[in-house]
Amino acid sequence: MRYFSRTLLVLLLSFTFALSQTPQTRKPGNEVGQDEVIRITTQLVQTNVVVVDSKDRVVPDLSMADFELYDNGKKQELKFLEFVSVDTGRRTEGKRPTEVPASAVENDNLRGVSAKEVKRVIAFVVDDLSIPISDLPSLRKLLLDFVNNQMLDGDLVAVVRVIGGKGLLQQFTSDRTILRKAIAAINPISHPLSAVGGPQPGRIDPPTQLAAGVESTVEDMPEADTTDIFSPTDDANQYARGLLTLSTAGFVIESLKEIPGNKNMVIISGGVPIFDPSTGHSIQSLTYLLQRLSDLALRAGVTINTMDPRGLNASPGAVSFTETEGRSNYQAEIMGTRRGFGRGGIADQETLSPLLAGASERLGLGTIARITGGVSVANTNDFGAGLNKILARSRGYYLLAYTPTEKFDRKYHELKVKVKRPDVRVFHHDGYAAREDRPLAERTKEEQIVAAARSPLAKRDIEVSPNIAIKLVPETNKATVEVHILIDPKKLNFAQENGQYSTSLDVVGFVLDELGKQRGGFSETLDLKLSKENYDRAQSGLIYTAPIDLPPGNFQLRSVVRERSSGSLGTFSKYLEIPDQKKDALILSSLFLFAVEGSQPAPLTAIRRVSRNQDVRYAVLIYNPKLKDGQAKLTSQLLISQGEKVLLREPEEPVQAVANTQYAKIGQFGVSKMQPGRYVLTVTITDTLADKKRQTISRSLDFTVVP
């Protein structure tokens with residue numbers, strides 16, 4: 001096996017995996033559709049529009065005749081309309097003014113959480129510089145409720161922190177485990193610009209994009225004036241915090257540009273100032289950045305929503321401004337005092353809570369939402385309802401396209417959209433810079449592989465599915481991770497010559513740690529030359545296996561299979577958690593399955609198919625059980641389910657030691673009475689001597705019964 005080639009390694013290290021997606025070169029013959037990524041040329045301007053009724057429900061039945069669009073005050077003739085709905089799919093009218101450059105569009109077949117399966121794309125940008133410590137628990141609860149109860153199958157979601165994030169936890173993913181860990185990691189940080197405490201030196205080094213956990217690809221971002229910004233004064237720190245928040249939002253938008261469809265960003269912040277408190281005038285560089293943000297958002301198809309999570313210092317049960325006694329902070333500041341609406345009054349100062357953002361900061365959040373067609377949620381304790389409003393508007397949108405009547409002058413053009421229907425509200429981007437998007441260049445084979453590994457959208461030209469087996473090694477406190485990749489040969493282009501079936505595959509795997517740093521992997525070219533007999537046998541699937549040794553920690557495996565002759569790609573991404581065996585906590589290995597027929601069990605790795613004349617044997621190794629008088633008290637329970645229905649739940653039974661203090665659960669059952677289909681086997685191990693919060697762990701694995 002040949003491990004990482006120098007070219008692939010250099011390419012991998014040159015990219016930031018967190019928050020980065022890059023499309024593949026479009027293959028000739030594909031129609032432009034929902035994988036659209038180029039949005040602005042001299043012949044084509046596209047913008048997303050959301051229209052809601054008086055009850056804030058998306059209006060789904062508008063046509064081109066219902067819309068009027070103005071570019072810098074001049075009415076434009078709409079050429080194309082597309083309504084996209086999470087519930088009903090797509091509806092189009094008219095034809096786009098121009099064909100989109102092929103190199104900028106992702107192949108229709110390269111769908112992963114497939115672009116056909118993508119419901120919504122939502123990025124939560126958490127401004128951990130300005131959110132008070134006391135509000136972090138409610139923020140975590142809000143986000144966790146979304147992941148557990150409101151996230152749809154097919155959603156791509158990211159939780160991005162302005163300062164305190166980690167690469168692995170800041171990616172767009174449909175993996176709820178990664179999102180829950182990202183939410184759990186939202187904790188107070190110590191930073192000179194933080195509003196939640198920390199040292200205040202006279203001067204600090206300017207914050208970099210690396211500190212924000214992302215890499216900048218945004219052009220012309222304004223540079224901070226370190227002489228003024230990085231002084232310890234509160235006004236200067238508010239300015240710097242606002243700059244970092246907007247910059248981070250810009251980097252996330254850039255990463256979203258290559259994902260098809262409409263995307264929603266939710267900035268959760270204690271406020272972004274847009275006025276200089278000493279002069280009362282707008283801060284020039286932040287005003288520019290807002291325009292830049294609007295332009296980036298339109299080009300990427302991103303709607304930015306904002307939430308101030310600090311809520312109100314209200315009486316019990318109050319959820320809105322009208323139900324809360326006291327003046328607003330805006331009124332209080334006009335009157336020359338800090339008392340009034342929201343937290344930040346004298347009582348809060350006595351408990352060392354930071355002051356609530358004033359009119360400038362709150363107006364800044366509202367402005368960001370307004371210029372990008374989003375929702376601003378503030379002055380409320382009911383942020384669940386605010387998030388629900390944002391999610392409701394994400395369920396459907398209109399894509400409008402036109403050919404601009406004026407030449408591009410690289411200046412900022414304002415957009416206005418009107419709808420000829422009463423009792424509706426229209427939300428759209430405020431404008432764009434009149435310059436063309438640049439088409440992407442052709443990529444080398446290595447660049448295609450790395451780009452596919454970076455993308456949150458799995459590629460399905462080739463169907464691949466993984467099975468990851470983790471074997472712990474107590475002597476070294478490491479684990480051997482066996483990666484079994486099942487490759488469906490039906491989508492491969494085998495060439496027939498001299499009675500042989502041949503093709504060539506590049507199989508590559510990248511292992512990334514929490515910071516996005518490469519920690520291992522594999523790279524190999526498979527030259528397959530199969531006889532007719534082996535070719536027929538291979539129709540059930542080709543299996544590729546690679547071992548990786550990893551220390552304790554959280555990792556992600558991103559793997560790519562590429563066929564050399566066609567350039568077809570298949571990808572998958574897996575989250576790996578390697579336990580620290582030195583910690584005194586119950587640990588389980590992966591669940592291992594075997595097909596038993598006669599006396600010879602056959603391991604079920606990538607292909608887990610069992611015929612009805614076979615039995616299934618399962619095994620799981622148990623580490624670090626609590627001991628009493630030198631013995632553990634472990635119980636196990638077997639469950640077999642199909643979909644949401646539990647078909648078998650065995651009673652709990654004791655687990656016996658296999659050698660001295662080594663424990664394993666080994667069992668076996670027949671499938672002769674099970675109908676053909678896919679099932680999930682779950683083994684639960686309980687350590688009755690351990691603390692109740694840590695005494696039960698489960699492992700699950702699917703298998704398929706065939707006739």
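## Aromatic pairs, sheets and cores in a predicted model

Ten aromatic pairs are counted under the rule that rings of Phe, Tyr and Trp (its six-membered ring) pair if their centres lie within 6.5 Å, with planes under 30 degrees apart called stacked, over 60 edge-to-face and the rest tilted. The rings of Phe124 and Phe146 have centres 5.3 Å apart and planes at 65 degrees, so this pair is edge-to-face. Phe124 belongs to strand 7 (residues 121-126) and Phe146 to helix 2 (residues 136-150), so the pair links distant parts of the chain, 22 residues apart. Helices (H or I, at least four residues) and strands (E, at least two) are DSSP runs, numbered from the N terminus. Both Phe124 and Phe146 are buried, where buried means under 20% relative accessible area, exposed over 50% and partly exposed in between (1.4 Å probe, protein chains only).

The rings of Tyr501 and Tyr535 have centres 3.9 Å apart and planes at 10 degrees, so the pair is stacked. Tyr501 is in strand 19 (residues 500-512) and Tyr535 in helix 12 (residues 532-537), so parts that are 34 residues apart in sequence are tied together. Tyr501 is buried at a relative accessible area of 10%, and Tyr535 counts as buried at 18%.

The model is predicted: local features need pLDDT of at least 70 and side-chain atom pairs count only at pLDDT 80 or more, while totals for chains, interfaces and linings use all residues. Residues are numbered from 1 along each chain as its sequence is written, and side-chain values use heavy atoms, with hydrogens and water left out.

Tyr618, Phe669, Tyr679 and Phe703 form one aromatic cluster. A ring also takes part in a charge contact: the charged end of Arg393 sits over the ring of Phe427, 4.0 Å from its centre. The criterion is NZ of Lys or CZ of Arg within 6 Å of the ring centre and within 35 degrees of the ring normal.

Strand pairing requires that DSSP finds at least two bridges between two strands. An open sheet of three strands has the order 16-17-21 with antiparallel pairing. Its edge strands, strand 16 (464-473) and strand 21 (542-550), each pair on one side only. Two antiparallel strand pairs are listed below.

| Strand pair | Bridges | Example of bridge partners |
|---|---|---|
| Strand 17 (residues 478-487) and strand 21 | nine bridges | His484 and Thr545 |
| Strand 29 (residues 634-642) and strand 30 (residues 645-649) | four bridges | Ser641 and Val646 |

Strand 29 and strand 30 form a hairpin with two residues between them, and Gly643 in the turn has a positive phi of about 65 degrees.

A nonpolar core is a set of buried Ala, Val, Leu, Ile, Met, Phe, Trp, Tyr and Cys residues joined through side-chain atoms within 4.5 Å. The largest has 35 residues, of which Val481, Val483, Ile485, Ile487, Phe522 and Leu557 touch the most other members. At least two residues of this core come from each of strand 16, strand 17, strand 19, strand 20 (518-531), strand 21, strand 22 (553-563) and strand 23 (569-578). Leaving aside residues up to four places away in sequence, Ile487 touches Ile462, Glu463, Val464, Leu492, Leu505, Gly541, Leu542 and Val561, contact meaning heavy atoms within 4.5 Å. Another core, of 34 residues, lies apart from the largest one and includes Ile163, Leu244, Leu289 and Leu290.

Helix 11 (residues 445-454) is mostly covered, with seven of its ten residues buried. These are Gln448, Ile449, Val450, Ala451, Ala452, Ala453 and Arg454.
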